[in-house]
2 protein chains.
Amino acid sequence: MSKWEDNVRKVEPYVPGEQPNDTNIIKLNTNENPYPPSPMVMKAMQEVTEEGLRKYPDPTCSALIDALADYHKVNSANVFVGVGSDDVIATAFMTFFHSDKKILFPDISYSFYSVWASMMEIPFEKVPLADDFTISPEDYKKENGGIIFPNPNAPTAMLLEKGAIREILDANPDSVVIVDEAYVDFSGEDASVLDLIPEYENLLVTRTFSKSRSLAGLRIGYAIGNEKLIKYMSDVKYSYNSYTMNETSLKLGVESVKDDAYFKKTCDAIVNTRENFTKELLKLGFNVLPSKANFVFAGTDKMPASEIFAKARENHIFFRYFAQNRIDNFLRITIGTDEDMERVVRFLKDLLA
Amino acid sequence: MSKWEDNVRKVEPYVPGEQPNDTNIIKLNTNENPYPPSPMVMKAMQEVTEEGLRKYPDPTCSALIDALADYHKVNSANVFVGVGSDDVIATAFMTFFHSDKKILFPDISYSFYSVWASMMEIPFEKVPLADDFTISPEDYKKENGGIIFPNPNAPTAMLLEKGAIREILDANPDSVVIVDEAYVDFSGEDASVLDLIPEYENLLVTRTFSKSRSLAGLRIGYAIGNEKLIKYMSDVKYSYNSYTMNETSLKLGVESVKDDAYFKKTCDAIVNTRENFTKELLKLGFNVLPSKANFVFAGTDKMPASEIFAKARENHIFFRYFAQNRIDNFLRITIGTDEDMERVVRFLKDLLA
């Protein structure tokens, strides 16, 4: 090893999920949306100009921020945008979790939380989920340097009720509490805690265009919170990279936000498919956690999840499997189109027959 | 102040340069390219598909990395890509400057170096340029945690000869040395130190699509170096955000690399315009530092630079002015088209008459 390597930050390299290109595959492993983005998004592509590509994009991302503020009925000063919610949450970690106290998040949760904490040298504690895979507010009533959890949680797909989140917020006025709402657009009307922001200045809510807006390929995420939170994050962002959102993300993102009818229609379709698919899984004898996301988390005693995973793969159906204590007999299955899920049901029926 | 604010990372907020939208403006303040991107880039926009936007982009960015490796006649394992060279360099800081020793960079240089170091809590020392604004290799022969400088330097536009860079590399086998070649495509054939990479495993060279490739709006930067360096950077990148380059950047970036004839033609045009413009400035009595970039750094005793800056602005001509010791009587003027620069010369002639 050369001496310059002493100064290298050593990290546990994260291996991103597979992105096979074969069009014959039913790809239900990364929680992408099976429907295309709004036709207005595709049309906006024609409006990206030479001038727009030649010049630096607007570093303040004001068109996109204004559109989101408008949509959520908040002020533009309450909105932060970034390159996917990964960028938004990483920036929030860097901004708000700058202490020696441990941050808290569920032991079964989005795997990137511990990766970011490790990389940024933030101490952390994984708080075990209850036996029924729920988050217990009680467990978050101790000293901490910050709190984050997805709601609905991933990969469990389970939603924490607003009363429970209030309990966590009430117990933690001295920490920033981040609720990662990547999947909340599939959770029904009153699931989001956006309406609690006026009450809790330490509550940050994050969202993404990758799931409900069918735009994983564009990389757009955002956060909504008190003006002070957003200002602190923007200061850190401008100190890291002023121009992160490219011209196409900014232009196309705005169009996605504008086309609310299409957005609602596709979200409803996925929720509907999820409910039908869940019924079919139950009929096949699966244990299915109650899902409020665009995926289900399910397993059966009839065959190990790892085996179903492997067999599905042989049949060009991609699920997600986590070889992790307590969840190693579950599969995370993204909700595709009705046709996709019918094919999955037929496959499982044959497999378990 | 609320208690949660104790845990907030406090940074010196960086204020990005102005991006006025008025089309009547001659915008020579951010070193953008006056020519549009290659027609092949614009054409590739038509090939971005619904499927490409709906799904996550290729996290390994292999098409773009392969195109760049091919172009520079290196292996794909020698190339790292990111969201502009700001992202690439910030990732390099995070990866390689993880020690308690001070990193070194010139006092007059890209202003983001000290911003990144401050934000990441990396100790640093600004090494004064010599009186003639050159970088002296002698000054970089002391203990350090890493070295970075742009070549050509910004905002001086001056190129450091390869022999001098070799001297710095020979004296620092135990540090990573980053040569930020954002402007090197305007510096002539033998200016780049890419050819030194096989000799120095600790040399990282960074580049951008924002200047010579007319694609500031897309946000693409890259680094070339020893396989080990690139692997360390990729590990950190995947630990931060696996999907940073969006589908349009990946697709359009490849086309830009392929159209080498257009690239060379526009770079040559800018160099030619720069030489003519420099002659005109000299005729007007300006002191012009010898430029090998797509901008010149110039001032005159006839009028303070700050005043020329303000008057130009009133006349819809935007330059860049730095109210900084030693360079506060200079203006950084981006090279535009011949027509742009003729208008600038007429303006300066009238102003100083």
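This is a predicted model: local features need pLDDT of at least 70, side-chain atom pairs count only at pLDDT 80 or more; totals for chains, interfaces and linings use all residues.
**Entry 1: strand pairing in chain A**

Strand 6 (residues 177-180) of chain A runs parallel to strand 7 of chain A, and four bridges join the pair.

**Entry 2: burial of strand 7**

Are the residues of strand 7 of chain A buried or exposed? I find six of the six residues in strand 7 (residues 203-208) buried, so by the cut-off of under 20% relative accessible area the strand is mostly covered. In a regular strand, side chains alternate between the two faces of the sheet. I listed the directions: A:L203, A:V205 and A:R207 point one way, while A:L204, A:T206 and A:T208 point the other way. Both sets are buried, A:R207 included.

**Entry 3: cavities**

Rolling a probe the size of a water molecule over the atoms shows where empty space is left. I get a count of five cavities of 30 Å³ or more. The largest cavity holds about 200 Å³ of space. Its lining has 18 residues, and I noted A:D87, A:Y240, B:D87, B:Y240 and B:T244 as the closest to its centre.

Which helices supply at least two residues each of this lining? I find helix 4 (84-96) and helix 7 (227-240) of chain A, together with helix 4 (84-96) and helix 7 (227-240) of chain B. By class, I recorded eight nonpolar, six polar and four charged residues in the lining of the largest cavity.

Notes: Residues are numbered from 1 along each chain as its sequence is written. Chains are lettered from A and ligands numbered from 1 in the order in which they are written. Side-chain values use heavy atoms; hydrogens and water are left out. Buried means under 20% relative accessible area, exposed over 50%, partly exposed in between (1.4 Å probe, protein chains only). Two strands pair if DSSP finds at least two bridges between them. On a 1 Å grid over the protein atoms alone, a cavity is a set of points where a 1.4 Å probe fits but cannot get out, and a pocket is an open set with protein on both sides within 12 Å along at least five of seven lines; lining residues have an atom within 4 Å of a point. Grid points are joined across faces, edges and corners, and a volume is the space filled by probe spheres set on the points. Ala, Val, Leu, Ile, Met, Phe, Trp, Tyr, Cys and Pro count as nonpolar, Asp, Glu, Lys and Arg as charged, and the others, Gly among them, as polar.
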